[in-house]
Amino acid sequence: MPSTVPAQNAPEALVLPTMTEVPQGPDGTPLGDDTADVVLVPVAGDGGEEQLLALAFTSVPALVEAIGEKQPWVVVPTRRVRKALGGSGATAVLVDPQLPDGGERRSTRG
């Protein structure tokens, strides 16, 4: 699953927006084996077919700036993002996107 952040510049963890609140520890990581409905956005692929991209942010302030302070989120270690999104349908991770107001979102268990 491709990412828009080069490996050498990747942060230790990414903040993933979720559709609902998820119980989390003091560092923002989900507690236990809880799953979360992560935010996915549909985009047109090169051939015109729809692809789903997972949203991720390099910090909570970056998420708040792009989506708003009421947006629930979880922190996932960068090395575990691929596994966390397994089965979600996401084909790539879009890091620190600037989203238009009213952007369409989909959720999936991740």
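L31 is located in the loop that joins strand 1 to strand 2 of this predicted model. Its relative accessibility is 44%, so L31 counts as partly exposed, a class that lies between the limits of 20% and 50%. Setting aside residues up to four places away in sequence, L31 touches P23, Q24 and G25. L31 and V74 stand 43 residues apart in sequence, with 10.0 Å between their C-alpha atoms.

**Nonpolar cores**
- The largest nonpolar core has 16 residues, of which L14, L16, L40, A54, V81, L85 and V93 touch the most other members.
- At least two residues of this core come from each of strand 1 (13–17), strand 2 (37–44), strand 3 (50–56), strand 4 (73–77) and strand 5 (90–95).
- Another core, comprising 10 residues, lies apart from the largest one; V15, V39, V41 and A92 are among its members.

**S88 and its polar contacts**
- S88 belongs to the loop between helix 2 (81–84) and strand 5.
- With a relative accessibility of 5%, S88 counts as buried, because the limit for that class is under 20%.
- A polar atom of the S88 side chain lies 2.6 Å from the backbone oxygen of L85.
- The side chain of S88 also has a polar atom 3.1 Å from the backbone nitrogen of A90.

**Ends of helix 1**
- Where helix 1 (residues 60–67) starts, S59 places a side-chain oxygen within 3.1 Å of the backbone nitrogen of A62.
- G68 follows helix 1 and has a positive phi, near 120°.

Methods. Residues numbered from 1 in each chain as written. Predicted model: local features only at pLDDT ≥ 70, side-chain atom pairs only at ≥ 80, totals over all residues. Heavy atoms only, no water. Core = buried A, V, L, I, M, F, W, Y, C linked by side-chain atoms within 4.5 Å. Buried < 20%, exposed > 50% of the residue type's maximum accessible area, 1.4 Å probe, protein only. Helix = DSSP H or I, 4+ residues; strand = E, 2+ residues; numbered from the N terminus. Polar contact = N/O pair within 3.5 Å; in protein donor to acceptor, adjacent residues only side chain to side chain. Contact = heavy atoms within 4.5 Å.
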